[in-house]
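This briefing covers the ligand surroundings and the packing of helices. Please consult the sequence and the structure shown here.

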Amino acid sequence: MEKIILTGDRPTGRLHLGHYVGSLRRRVELQNSGEFDKIFIMIADAQALTDNADNPEKVRQNITQVALDYLSAGLDPAKCNIFIQSMVPELTEFTFYYMNLVTVQRVQRNPTVKQEIQMRGFNDDAEENANKKGTPVGFFCYPISQAADITAFKATTVPVGEDQAPMIEQCREIVHKFNTTYAPVLVTPDILLPDSQACMRLPGTDGKAKMSKSLGNCIYLSDSAEEVWAKVKGMYTDPGHLQVSDPGKVEGNCVFTYLDAFCRPEHFEKFRSAFIGRKVSFEFNSLDEVKAQYRAGGLGDMMIKTFLNCILNDILDPIRARRAELEKDIPAVWEILRKGTEAAQAAAAQTLREVKQAMRIDYFNDADLIAGK
Ligand code: TRP
């Protein structure tokens with residue numbers, strides 16, 4: 001069986017470091033591993049509209065931004081199809097048929113849906129209370145639409161963050177239901193989670209659970225070196241670590257969480273020079289040594305922030321350079337999207353034909369039906 005990847009992002013803003021460690025970096029590795037027969041990366045504009053119906057302009061503008069983030073992070077249009085969800089209308093058709101294979105109660109139990117409804121302040125009593133808003137039906141159904149996205153491409157592998165696990169689970173159930181009700185046409189996908197806890201859920205720079213646009217605690221892939229340093233300087237550490245000599249806490253200290261996610265062994269040698277001229281030098285050779293010194297006392301927050309800043313810029317510099325090149329020719333970026341979308345549309349149309357055949361609703365190709373049998 002072919003190995004096929006499908007994954008994507010909602011274009012509601014530029015992508016940040018949370019996206020990078022949680023999925024983008026992995027996608028680029030998977031792309032370059034040569035292990036996959038096909039890779040589809042979707043800009044989920046239709047899904048973004050499920051809770052942004054009043055602001056399609058935001059979604060529209062961010063399609064270009066997300067495409068730029070993808071390409072500058074290293075996704076290569078020669079190796080993967082980057083496409084726009086709404087430009088593959090077949091996906092909507094799959095969704096409409098899958099809706100009949102899932103109950104309202106099952107969607108209501110989906111933990112991600114529950115959590116997102118709460119986060120967005122969609123209330124049960126909105127009908128009686130004019131100040132509250134209810135849940136858009138389209139938003140409620142997005143797990144089903146996501147199952148359409150995955151199955152339309154017969155994806156075997158879905159690299160996503162852990163918050164998406166209930167979506168993949170629900171997709172697997174839909175596949176099972178479809179295949180046992182009609183015919184075994186659909187492929188059961190596997191989730192591929194990030195490989196470490198720090199990458200699973202990168203906290204915001206304020207130490208809050210998640211990097212999120214609305215909380216204003218993100219470092220964006222497109223931030224300048226100055227913006228990154230301002231944000232790193234302001235990062236939440238250990239509020240009890242007042243003097244350099246005080247023992248500090250590593251757990252819950254987001255500078256260390258970021259170091260866990262981004263630091264590699266070669267960074268110690270590479271960035272020692274950044275500390276030349278300081279009162280203390282940076283003589284560490286591993287993250288464990290840094291942590292031990294911080295815990296014992298005698299290591300200041302500015303030291304660890306400087307180190308982190310060097311590492312982040314090391315990662316972001318080549319991304320920024322590629323973005324600057326790509327930004328000079330936006331029509332070329334859209335040409336990449338057009339080609340990727342054409343390939344995606346052809347693949348989805350093929351699966352849709354098989355699905356309709358399995359359901360026996362491809363009437364005009366049904367010789368028996370037409371012959372009156
Ligand atoms: N829900 C994903 C997100 O929040 C985006 C998405 C839409 C997706 N369809 C998908 C991810 C299918 C993986 C597979 O970013």
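In the side chain of aspartate 149, an N or O atom lies 2.8 Å from a nitrogen atom of the ligand, a polar contact being a pair of N or O atoms within 3.5 Å, where a pair within protein must also join an atom able to donate a hydrogen to one able to accept it, and residues adjacent in sequence count only if both atoms are side-chain atoms. The model is predicted: local features need pLDDT of at least 70 and side-chain atom pairs pLDDT 80 or more, while totals for chains, interfaces and linings use all residues. Residues are numbered from 1 along each chain as its sequence is written, and side-chain values use heavy atoms, without hydrogens and water.

**Ligand surroundings**

- Around the ligand there are 14 residues, of which Met42, Gln47, Gln146, Asp149 and Gln164 come nearest (a residue is near if one of its heavy atoms lies within 4 Å).
- The side chain of glutamine 47 places an N or O atom 2.8 Å from a nitrogen atom of the ligand.
- For the side chain of glutamine 146, the corresponding distance to a ligand nitrogen atom is 3.0 Å.

**Helices H8 and H9**

- Helix H8 (residues 142-152) packs against helix H9 (residues 165-181) at about 70 degrees, with the axes 9 Å apart; helices are DSSP runs (H or I, at least four residues) numbered from the N terminus.
- Axes are lines fitted to C-alpha atoms over the stretch in contact, and angles run from 0 to 180 degrees between N-to-C directions.
- H8 and H9 are therefore roughly perpendicular (65 to 115 degrees; under 35 is roughly parallel, over 145 roughly antiparallel, and the rest oblique).
- Their contact (heavy atoms within 4.5 Å) involves Tyr142, Pro143, Ile144, Gln146, Ala147, Ile150 and Thr151 of H8 with Met167, Ile168, Gln170, Cys171, Ile174 and Val175 of H9.
- By class, 10 residues of this contact are nonpolar, three are polar and none is charged (Ala, Val, Leu, Ile, Met, Phe, Trp, Tyr, Cys and Pro count as nonpolar, Asp, Glu, Lys and Arg as charged, and the others, Gly among them, as polar).

- On H3, Gln65, Leu68, Asp69, Leu71, Ser72 and Ala73 meet Ile319, Arg322, Arg323, Leu326 and Glu327 of H15.
- Five nonpolar, two polar and four charged residues make up the contact of H3 with H15.
- H1 (residues 17-33) packs with H3 at about 50 degrees, the axes being 10 Å apart, so H1 is oblique to H3.
- Leu24, Arg27 and Val28 of H1 meet Asp69, Tyr70 and Ala73 of H3.

Conventions: Helix = DSSP H or I, 4+ residues; strand = E, 2+ residues; numbered from the N terminus.
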